[in-house]
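Please consult the sequence and structure shown here.

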Amino acid sequence: MAVDHTRFLTDLHTLRSFGASGVGKGVIRPAYSKADIAARQWLAARMAEAGLTPHVDPVGNLFGLADGPSLLMGSHSDSQPEGGWLDGALGVIAALEIARSSDRPISVVSFQDEEGRFGVTTGSAVWSGGLSLEQADVLIDGSGVTFGSARAEMAKKSQGFVDPVRFSGFIEMHIEQGPALDAAGEQIGVVTDIVGIRDMVITFQGQQNHAGTTPMHLRRDAFQALSLFNTRLNDRFRNVVMPQTVWTIGRVDVHPNASSIVPGRVRFSMQWRDGDPERLVRMEDIIRATAQQIAEEQGVTLTYGPMLGLEPVSMDPVLRGALESGAQAIAPGRWRNMPSGALHDATNVSRLMPVAMLFVPSIDGISHDFAEDTAEEDLVAGLRVLDRAVHSLEE
């Protein structure tokens, strides 16, 4: 059977309806939200219709299992708090369509909490053995909810963890989430490697006080500590990082967050990414030394949350070669080999089996935003490349 482009696009748009934001094609479908659970129930039904056996594991990863040994394909279906309709969802629906049409047994997966409500690609991290269930259960989201309590309802329907030995490899299709393909007018990116990532929460604890009566020189202002930390960190990274290195303070919790109170506590996320493991370590050293120096200068205390992270990963040459052959057949002269600056479940899965990834363009390079989009012809081109790759692997 040939892949059905219309069915593929229809399913992709139907999945978008779960948690639709009302703004363009955006979605609000964080891990374990009502919209996320409803989407997974719908996906399970579509998997069953495709002849796969739906299987939910203790953390909510949803598998559609083919009979016997198979190639695993998929991604995730949870979203950022203000997310796009394709991030993760594309890989799941593309895998489902390939499973329907391929003569080779294909299993499908939608991993849980890839977007980091609680950690870093939490669902695939637990399944792959990179994070124990006990470690995961104590992770806390921005509102103080633990991973253990969030997964409890789905865990009631758990059928246990799927044994990875039944899979020969893993292929994940995804939007690029960057500008390279779109700017060059290209349709396909075959991923060569995925950068490493580190992520932790840092807290400066100062002294909450009256904003009108507390002299500036007597303040132990936690927010000022964060401001100084950010400025000094950027300066100290200058001679260490490369053009592709990135770092982000993305979530900040200021307490008590009132206009007439000197902030007594600030808790913030600190994340950094690079393809060189040694550089990631060097950056951590600088982060910790800078934070300690700022704490001493500003008279605040310093604490750290757990360090989460993944090492850089190279793609499997056989699976990558199949994708390259498919790209050359479907988009000759309009594809490239490229690294992934974004993190993906494939990094975790690489602990268990060979992995490869395929990118399609993101219009204007926008992702993690309601404006995220990809031209339908590029979505279909990516599906056709996957189809060609699977056929070549059969041969």
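Contact means heavy atoms within 4.5 Å. The model described here is predicted.

Helix 10 comprises 14 residues, 317–330. At 1.5 Å a residue it should span 20 Å, and the 20 Å between its end C-alpha atoms agrees with this.

The buried residues of helix 10 are Leu319, Ala322, Leu323, Gly326, Ala327 and Ile330. They lie on the same side of helix 10, because the arc they cover around the axis is only 135°. An α-helix has 3.6 residues a turn, so residues three or four places apart point the same way.

Pro317 and Val318 are exposed on the other side of helix 10. The cover over the buried residues of helix 10 includes strand 5, strand 6 (188–194), strand 16 (335–340), strand 17 (355–360) and helix 12 (376–394).

## Backbone geometry in loops

Most residues other than glycine have a negative phi, and most peptide bonds are trans. The bond from His255 to Pro256 is cis, with omega near 5°. Pro256 belongs to the loop between strand 10 (252–255) and strand 11 (261–262).

Asn257 is found in the loop between strand 10 and strand 11, and its phi is positive, about 65°, although it is not a glycine. Asn257 counts as exposed because its relative accessibility is 66%, the cut-off being over 50%.

Gln177, also a residue other than glycine, has a positive phi near 65°. Gln177 is placed in the loop between strand 5 (167–175) and helix 7 (180–184).

Key. Residues numbered from 1 in each chain as written. Predicted model: local features only at pLDDT ≥ 70, side-chain atom pairs only at ≥ 80, totals over all residues. Heavy atoms only, no water. Helix = DSSP H or I, 4+ residues; strand = E, 2+ residues; numbered from the N terminus. Buried < 20%, exposed > 50% of the residue type's maximum accessible area, 1.4 Å probe, protein only. Expected span 1.5 Å × (residues − 1). Arc of directions from axis to C-beta.
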